[in-house]
Amino acid sequence: MKRIIAFAAIIIVALEACSQGQSTNESANDGATAIASVADNMVLVSGGSFMMGSDFEPDGVPQHRVTLDDFYIGKHEVTQALWQEVMGNNPSQNRGDNLPVENVSWLDCMEFIKRLNELTGKQFRLPTEAEWEYACRGGSTGKGFAFKAGDSIDEIAWYAENSNEMTHPVATKAPNGLGIYDMVGNVEEWCSSRYSKTYFSTRPTTNPQGPTTGDTYSCRGGSFYCFAEQCFVWMNNGQYPECRRNDIGFRLAMSKEQSER
């Protein structure tokens, strides 16, 4: 009888081990799926020169010519599903897997990107402010606006007049000419560049990274709280890196040479 009991105990332990192994494998497979979706959701933006900013808007940076190399940028904002997969939590106030993650600080984004890069072996990052605006304007083939000719802001953005003061699933409005979604409205987006109104008038205009000093970082694109006039491509504002709000999220970027390694 004792032998039978001991044998049964061995079987139970073995089954538990198999179950744990299966759970681990399933988790790994889920991770692989999430990693694949990150790569699939990056859009190549061909480099070129453009007129960044505006001389007519008090809340925009002064207009100036900027030249950028090729880079990749996220087709849409980082979703809560991806954040959950990488970080194991969801800080968002308005919950949903396909909603943009929000209520994340600039520092939180840095930690997320660090972990994502460890998982993927890639070098994802935040876009610079210049890259963000160039992509929003449609790159070298765009017309300098956030949307294609004939589109209205209602067709491309979740903003104050149609959002019901909440975020909405990513990529449910029309894309711009590069196939990029939600660059205005839904959530404001962190950039890697520090915030400044004067940097671009005195610094190099080729692949500008932003000021090397400063207390705040640039947020772009307006959010579901913003009215139409606050969602233009040149509008920017600065937020402290610890700031968390339910209308600020982010999207990923990557240098072209890094993607080829």
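Leaving aside neighbours within four places in sequence, Asn 162 is in contact with Asp 154, Ala 157, His 168 and Lys 173, where contact means heavy atoms within 4.5 Å. Asn 162 sits in the loop between α5 (153-156) and β5. Its C-alpha lies 8.1 Å from that of Phe 224, although the two are 62 residues apart in sequence. The model is predicted: local features need pLDDT of at least 70 and side-chain atom pairs count only at pLDDT 80 or more, while totals for chains, interfaces and linings use all residues. Residues are numbered from 1 along each chain as its sequence is written, and side-chain values use heavy atoms, with hydrogens and water left out.

**Helices α2 and α3**

- Helices (H or I, at least four residues) and strands (E, at least two) are DSSP runs, numbered from the N terminus.
- The axes of helix α2 (residues 80-87) and helix α3 (residues 106-120) come within 9 Å and cross at roughly 70°.
- α2 is therefore roughly perpendicular to α3; angles of 65 to 115 degrees count as such, under 35 as roughly parallel, over 145 as roughly antiparallel and the rest as oblique.
- On the α2 side the contact is made by Leu 82, Trp 83, Val 86 and Met 87, and on the α3 side by Asp 108, Cys 109, Glu 111, Phe 112, Arg 115, Leu 116 and Leu 119.
- By class, this contact of α2 with α3 has eight nonpolar, no polar and three charged residues.
- Ala, Val, Leu, Ile, Met, Phe, Trp, Tyr, Cys and Pro count as nonpolar, Asp, Glu, Lys and Arg as charged, and the others, Gly among them, as polar.
- Axes are lines fitted to C-alpha atoms, for helices over the stretch in contact, and angles run from 0 to 180 degrees between N-to-C directions.

**The three-stranded sheet**

- Three strands form an open sheet in the order β1-β4-β9, with antiparallel pairing; two strands pair if DSSP finds at least two bridges between them.
- β1 (42-45) and β9 (253-255) are at the edges with a single partner strand each, so one side of each has no neighbour in the sheet.
- Direction ignored, neighbouring strands of this sheet are turned by 25° against each other on average.
- Four bridges join β1 and strand β4 (residues 71-74) in the antiparallel sense, and Val 45 stands opposite Phe 71 in β4.
- Helix α4 (residues 129-136) packs on this sheet and touches β1 and β4, its direction making about 75° with that of β4.

**The four-stranded sheet**

- Another open sheet has four strands in the order β7-β6-β5-β8, and its pairing is mixed.
- Its edge strands, β7 (236-239) and β8 (248-249), each pair on one side only.
- Strand β5 (residues 188-194) and strand β6 (residues 217-220) pair in the antiparallel sense over three bridges, and Trp 190 stands opposite Cys 219 in β6.
- α4 packs on this sheet as well, touching β5, β6 and β7, and its direction makes about 135° with that of β5.
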